[in-house]
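I opened my notebook beside the structure today. My plan was to look up a few places and write down what I found there.

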Amino acid sequence: MAMAFARNCFRKNISNPRIRSFSTSMLSSDQRVSKSLSDIPGPISLPVIGTAWNVFRGASDERLEKRLLPLQVQDVKRYGPIHKQSIGGTLMIQLADPSDAAKILRAESKYPQRFKFPAIDYYREKQQKIAGVFFADGPEWYKHRSVLSKRMLRPKHVAEYAVEFNEIITDFIRRLRTIREHSGTEKANEVFGIDNELFKWSFESVAFMLFDKRFGCLEPHVNIEAQTFIKAVGEFLHSATTIGFVPVWIYKIYETKQFKKFFKSFNTMYEYAELFIKRRLNELEVKSSGSPSSTTQTDDDNVGFFEFLLSSGKLTQDDLLASVIDVLFAGVDTTSNTMQWVLYLMAKNPEKQEILRQEILSVLGDEIIATPTTLAELPYLKAWVRETLRMYPVLTALFRVLPKDMIIRDFNIPVGTQVNLLTYSMSRDESIFPDPDEFKPERWVRDKEHTSKFNDAKEVFSALPFGFGTRMCLGRRIAELELHLLLARIVQQFEIRYPAGEIVEPFVRGVVIPDRPLRVQFVDRKDTTDN
């Protein structure tokens, strides 16, 4: 009787993560590795909807997109650092321990596979579009990556964009002064629609990199084509968040209003990207007197980015379109939203804003424009961006498909299984980051011995805003350059303030964004204009 009672208690308590961890430690190695996917804890998976019921539960009381991040943290507490979900017909293993993340990422193959988004695959199948560098896998991904990385990841080439990026920032600062609310009003110095203004700044920068030309997004009369593309990206991300919870076969039977919006926004992105490409091709034809292929050196430092892609000989025109779409899609919204959080945290942390200002004044004064060389002398500025991305990572998780069978926490995870590395939960783990909800850029500043405070794999792999390894974000260096240059200039020229008592929370719209329009106030530091 006693033994039966003990076995019964064990069965009842094995679902508790802490008890399960203790009990498995007592098992032999052979017994531990014998556990399969079915043994991994998680919400009950129902027919058709899988575990999506857990996501939508209670959504009537609060918007679904706002519940996703708290739910991620709650599920880690409820089910433990490894648990499973079934969303949109795909089984996903959720991992919330940096050591497990390190094991996954360090085991990547030559062609690391990221997550599958069935709705996007269905769109491409139906519209006969190919994937670019962001969504492609295998040799196709490597083909795109190997060409683009020569201009987007090499510091020398990235640094060359600084001059034009700074000119774009000058235009952006001028526009802020033009459109902000006048002094003496209730909303003095606020910029209405700062999200859209930052999107235009980011689009102008990335589009210049791609096409070696300005698009006029920061002019008094904004380029309507660029604005249409910007709007389409926003609608695409918004609709993608919700449609991903439903299996694609349902949409093949009945296309919902949200799914039609998703298709329409994707079509618009392709339409305008193709328009931009055709125009650039025509300009190059005129420039080269009808011989656009005259440039044959793929590593020629004197040709623009677009000409370089053409001359590589590795990308077809369809490849070119796919890559341009992916770079614009992945590089514009992400950078502009990160800058929103940078500004918000400046306003909410005035003491730290002053520390940042003093560092910038010590290196640049209040008039010298930052360059890649002087940015190297601004560690607190770089730490500011890094801490912002710890608190508000662009993506809520890193997604990978296992290249081989692996044993994670005593569970045998077979090849081809999708694993999600829960970066949001890990970066808010108080055992790794003391006071995780407090903004502390000094976490990332090196000490007197020039040793980073975070060297252990556990810390490094808990905050990976740009990913890791060969599948690390292709636009990382470009994005960091854009953010650092703009942040330095804004601090030189403005004190950033925010209405007292108003709190902004994260919201998932494909990427992590503020849950309401920001009310950032740009207060002049002195009576000068347009540095």
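**Entry 1: a lysine at a helix end**

I was working on a predicted model, where local features need pLDDT of at least 70, side-chain atom pairs count only at pLDDT 80 or more, and totals for chains, interfaces and linings use all residues. Residues are numbered from 1 along each chain as its sequence is written, and side-chain values use heavy atoms, with hydrogens and water left out.

Lys348 belongs to helix H16, residues 317–348. Helices (H or I, at least four residues) and strands (E, at least two) are DSSP runs, numbered from the N terminus.

What does Lys348 touch, not counting residues up to four places away in sequence? I listed Tyr498, Pro499, Gly501, Glu502 and Ile503. Contact here means heavy atoms within 4.5 Å. The side chain of Lys348 also reaches the backbone oxygen of Glu502, at 2.7 Å. I then checked Phe439: it is 91 residues from Lys348 in sequence, yet the C-alpha to C-alpha separation is 9.3 Å.

**Entry 2: the sheet**

I traced an open sheet of four strands, in the order E1-E2-E6-E3, with mixed pairing. Its edge strands are E1 (82–87) and E3 (398–401), and each pairs on one side only. The twist averages 30° from one strand to the next. Two strands pair if DSSP finds at least two bridges between them. I reminded myself that strands of a sheet pair through backbone hydrogen bonds, either parallel or antiparallel.

In which sense do E1 and E2 pair? E1 and strand E2 (residues 90–95) are antiparallel, over six bridges. I saw His83 standing opposite Gln94 in E2.

Helix H6 (residues 98–106) lies across E2, E3 and E6 (418–421), and it runs at about 130° to E6. Such angles run from 0 to 180 degrees between N-to-C directions, with axes fitted to C-alpha atoms, for helices over the stretch in contact.

**Entry 3: a glutamine in E1**

Is Gln85 buried or exposed? Gln85, in strand E1, is buried because its relative accessible area is 6%. The Gln85 side chain makes polar contacts with the side chains of Thr51 at 2.7 Å and Asp75 at 3.0 Å. A polar contact is a pair of N or O atoms within 3.5 Å; within protein, one must be able to donate a hydrogen and the other to accept it, and residues adjacent in sequence count only if both atoms are side-chain atoms.

**Entry 4: the cores**

I looked for nonpolar cores: sets of buried Ala, Val, Leu, Ile, Met, Phe, Trp, Tyr and Cys residues joined through side-chain atoms within 4.5 Å. The largest has 138 residues, and Phe203, Phe262, Met339, Leu343, Leu487 and Phe522 touch the most other members. H16 gives this core its largest share, 16 residues. Another core lies apart from it, with 20 residues, including Leu95 and Ile408.

**Entry 5: a cysteine from the record**

UniProt lists Cys473 under "binding site", in an unreviewed entry. Its positions follow the numbering used here, feature names are shortened, and annotations may be inferred rather than shown by experiment. I found Cys473 in the loop between helix H21 (457–460) and helix H22 (476–493). Cys473 counts as partly exposed because its relative accessibility is 29%. Leaving aside neighbours within four places in sequence, Cys473 is in contact with Arg145, Leu153 and Phe466.

Technical notes: Buried < 20%, exposed > 50% of the residue type's maximum accessible area, 1.4 Å probe, protein only.
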